[in-house]
Amino acid sequence: MATAIVITLVSLVISLHLSLLYPGLLCPLHKPPERQIVVGICAMMKKSKSKPMTQILERLCKFDYINVVIFPEEVILEEPVEKWPLCDCLISFHSKGFPLDKAVEYAKLRNPLLINDLNMQYYIQDRREVYRILREEGIDLPRYAVLNRDPDNPEECNLVEGEDHVEVNGEVFPKPFVEKPVCAEDHNVYIYYPTSAGGGSQRLFRKIGSRSSVYSPESSVRKTGSYIYEEFMPTDGTDVKVYTVGPDYAHAEARKSPALDGKVERDSEGKEIRYPVMLTSMEKLVARKVCLAFKQTVCGFDLLRANGHSFVCDVNGFSFVKNSMKYYDDCAKVLGNMVMRELAPQFHIPWSIPMEAEDIPIVPTTSGTMMELRCVIAIIRHGDRTPKQKMKMEVRHPLFFELFDKYGGYKSGKLKLKKPKQLQEVLDIARLLLVELGQHTDCEIEEKKSKLEQLKTVLEMYGHFSGINRKVQLTYLRNGQPKASSEEEDSKKDGPSLLLVLKWGGELTPAGRVQAEELGRAFRCMYPGGQGDYAGFPGCGLLRLHSTYRHDLKIYASDEGRVQMTAAAFAKGLLALEGELTPILVQMVKSANMNGLLDSDSDSLTDCQQKVKARLHEIMQKDQELTQDDYQKLAPTGSPSLVNSMKVIENPVKTCDKVYGLIQSLTSQIRKRLEDPKSADLQLYHSETLELMLQRWSKLERDFRTKNGRYDISKIPDIYDCIKYDSQHNASLGLEDTLELFRLSRALADIVIPQEYGISKAEKLDIAQAYCVPLMKKIQLDLQRTHEDEAVNKLHPLYSRGVMSPGRHVRTRLYFTSESHVHSLLSIFRYGGLLDEEKDWQWKQAMDYLSAVSELNYMTQIVIMLYEDNDKPSSEERFHVELHFSPGVKGCEDEENVPLGYGFRPASSENQDKKPNQGSLEDLSQDQVDQALPVSEPINIQRRSPMIRNRKTGSMEVPDLSVPDLLTSHRLFPSCSRQSPEIKPASGLGSLCSGLFSASALGVSCSAPNLRDYVRTHHHHHRKPPLSPELFSMPAVKRFSVSFARHPTNGFEGCSMVPSIYPLETLHNSLSLKQVDEFLNNVCESSSEAHAKTMKALSSLFDSQSQTSLYSPQQPLSSSGSETSLHSLCCDAVDTEGFLGVLSRCL
């Protein structure tokens, strides 16, 4: 017993002693803490204390066994690595001022788990090494070459700079190309543009305030420093930034490209606006490769989505996403699991790998019963231009044949010269021949001399060359030019010759740029409404769609400079961009010079067109009153616009006599002005001089009346072109009889121009098919492809806060072209058998309206809109097509004779019987967040609407809405508020988005302002009580017409003003997609049969390897082919891949 007590006491003493030495060792209530894993953050304080890092570390600390230690910046910079805190896992990365060498030394000393490899961060600082590693890993990147300016290795510094290209160590890069400093810390990246787009360069830099780049007129590359030169990738103005957290997780965001206009889009908190997008399976594989190749768990890199592929153009190393709580959660979870997986076993920490997926894929589904806008297709003529001028001459000198051969003219028999170097060679030949001809006084030589003088004068204009305003075409004539040309009637010589056609003028004017930009801004009205800061503002739904990457936009233009600049100006207005047009043109506008998609060779007429022109000339040469028989011959369709013009003319030759006399009077007046010392330095519109104006009219005077006294009817369009230009832009000169010349030349032109595209319906259809079957096929594919494709930026549904329909897209395809394609396309719709006028009252009304339109003026639009009704998944009625039209800008004397349509989207008879649906055709979905504010009554927005406060938009203002009488046709401006007395208007239905076809309605300036800035600066003015709630019922069909006020900040010379544009008129608003598809099929098939023989003969001319870029060398292609048009028509192949790949996909 005693022994037991002693043992117990000894045990207690020992236990007490141990407990004093090691508290909690033996006490079950005081177990020692588990071993903690220490994660060290070794970075500059600006990075380690940033908001993303703080958010992620807070979440990382919630792991039971993880502690975080942030290394103080002064310790990193001043203390030796032996005194740095201890850690088991190190997150360390380089930034400006960070001692990477010390971090590497610390890692060797302590051997922690490295989240991002430190040695690889040396490579990331050198773009040459980054590109080398990417290439070794088989990752797609832009074609590039390195220019090392190293005195020790001069062979690596071989740079040859041309006008429109650079050659780097034997590798040629045509403009546009990108010039990047080899040091990744140097963000001064330059993009150089070709002279055909205006030249100059865009200079990118680290964001300063609201700017990330600026346009510069400088076109020469930098002469000091080492650079990477790479081809420019057309990305439609967006960049994709990818952020990896380990090889199996990647988050992607899209932002506006800094190269577009240099304006950084920021939200209400001043943060750059970015939207999460979904990566394709291939892009996820690229993210994995980048992460593993650079051994950077947390890694950011840049993707360029271009031509149907994704290219890596930069690797940034350690980067976090900003302002995404979901990303912060994911990142902390992935990093925490990674640390625990690697270190928990060696520290004997109980931890099991979570079985849940770390990135759950969600497939967004379409919901809602309202018809949603799915596709908008618009074919638009270019804006106001200077008069086009042309001179033809036959040349036989060996120097011209050498030039023809040098640039590959014999391959197709034709050659187009637009580049500065090419035009300089033509000028040199002209100067040389003029010296040779200087000794001769022969009559024939004199005429040739005068034409060479004109060639030299035109090429010497402006003091510099640009493909935008001048070009020379050479056509091989095997047996010389046929006799009896309107310009040359000399005896024919034997042997081959070249027909030289010099074209100049036709530049887009400042007024044309304004027209295009304003129309772009106005075009937004056709898209669903916005939310938040955008709510209630006309057209802002489009900006929201585009900024949230739910807008699949492609813009195409023919190769004419005026057409391309119109497209760029339109894009500037449509997307509220700022700055110069050149960067917008290069990034947003694609060349469609493929098989006549938007280009046509006006000098190569079809047999039908030649016959039509011959008949037209024959009728117009009659020196007698036009008879009923003439009316039948010239206007068999009975078009009111033609008949009215014929009544004005009465006697064609007598009218031509009057026109010729008026031209003589005009040139005489200009000569007198030139003799007046006061007028010596008079500047006309667009920097033209009186001398140049006289040259224009003198040439027309010479050419219009030929040597035998007959009139060259082909000059009538040019005469009308010139007088229309001078009447609008140079009216301040006060020249006499200009209005009479305008009236008569317009009457003649209203006959000659439309009838050149066919006199009878059959001829019109035949000629139209020759011009635009490729375009028709492309439109057909655009309408068919309503499903999403992988090349489109897709919002990620998990990360898209505030966007209620992340899976929805609206496809927009804009085609900018010239008058010929617009005439032809309209002819196909009118005469191709789309609908029967006798059976469809709406189509009958539309045809009557089109017959009354005399001119398809600048900015003429044909618009096709496709809607989807999700309530009818298997019905033909699921897809609903609407066709709209506007004849473009108003002419000088149009107000009294304007043809009147039936408004935009009038209520159709089938809809009048239906109960108004509580949803809008323009809703993307039922999501309240994204829908526009509609109204049930016709509304009228005045030119200078006061701003009012709206209940839904809070502090936002919307235009003042006044509700006129229900029977009033819904026109937005006084200039077009009339309607024919015989037409009873349908009950018009309006929208809050109405009025936006006038920029001045909101006081919008030409520079397309940031809407949020506009809201902040204007929301304190012009407040009125909120609109009544009953104003917001939602009918199924809307109706509104649009027009432009004069440009509010117009500063053009003289009295020149920007004409308003006719409103869009609905031709039909209840077509089914099946109807339209069958119609397009029939048109294209009939054309294919008609041109099969021609295609066989021309097939040898096609080069299926033609490049698709806007500025790549152009290949000879047919303007009327239909079989090979597959190259340009499949799946937007114009901008996605080479012709062979496209053809294989088509087949």
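Predicted model: local features only at pLDDT ≥ 70, side-chain atom pairs only at ≥ 80, totals over all residues.

Trainee: How many helices and strands does the protein have?

Mentor: There are 32 helices and 32 strands. Of the 1147 residues, 57% count as buried. Look at contacts along the sequence too. Take those with a separation of 6 or more: 75% of them come from residues 24 or more positions apart.

Trainee: Now a single helix. Which residues of helix α10 are buried?

Mentor: Buried means under 20% relative accessible area. In α10, residues 398-406, that picks out Phe400, Phe401, Leu403 and Phe404. They span an arc of only 160° around the axis, so they sit on the same side of α10.

Trainee: What covers the buried residues of α10?

Mentor: Strands and a helix take part. The cover includes β20 (388-395), β21 (414-417), β22 (470-477) and β23 (497-505), along with helix α11 (420-437). Look just past the end of α10 as well: glycine 408 has a positive phi of about 75° there.

Trainee: Next, a pair of helices. At what angle do α22 and α23 cross?

Mentor: Compare the two axes. Those of α22 (residues 716-729) and α23 (residues 738-755) cross at roughly 140° and come within 8 Å. That angle makes α22 oblique to α23. The crossing is left-handed.

Trainee: Which residues make the contact?

Mentor: From α22, they include Ile716, Ile719, Tyr720 and Ile723. From α23, Leu741, Phe742, Leu748 and Val752 are among them. Sorted by type, the residues of this contact are eleven nonpolar, three polar and two charged.

Trainee: What should I look for in the backbone?

Mentor: Look for exceptions. Most residues other than glycine have a negative phi, and most peptide bonds are trans.

Trainee: Which residues does a cis peptide bond join?

Mentor: Lysine 175 and proline 176, with omega at about 5°. Proline 176 is in the loop between β8 (171-174) and β9 (177-181).

Trainee: And where is lysine 295 found?

Mentor: In the loop between α8 (281-293) and β17 (298-306). Lysine 295 is not a glycine, yet its phi is positive, about 55°.

Trainee: What is the phi of histidine 686?

Mentor: Near 60°, again a positive value in a residue other than glycine. Histidine 686 lies in the loop between α20 (652-675) and α21 (690-704).

Trainee: Why does histidine 686 count as partly exposed?

Mentor: Because its relative accessibility is 26%.

Note on methods
Residues numbered from 1 in each chain as written. Heavy atoms only, no water. Buried < 20%, exposed > 50% of the residue type's maximum accessible area, 1.4 Å probe, protein only. Helix = DSSP H or I, 4+ residues; strand = E, 2+ residues; numbered from the N terminus. Arc of directions from axis to C-beta. Contact = heavy atoms within 4.5 Å. Axes fitted to C-alpha atoms, helices over the stretch in contact; angles between N-to-C directions. Parallel < 35°, antiparallel > 145°, perpendicular 65-115°, else oblique. Left-handed = near helix turned anticlockwise from the far one by under 90°. Nonpolar A, V, L, I, M, F, W, Y, C, P; charged D, E, K, R; others polar.
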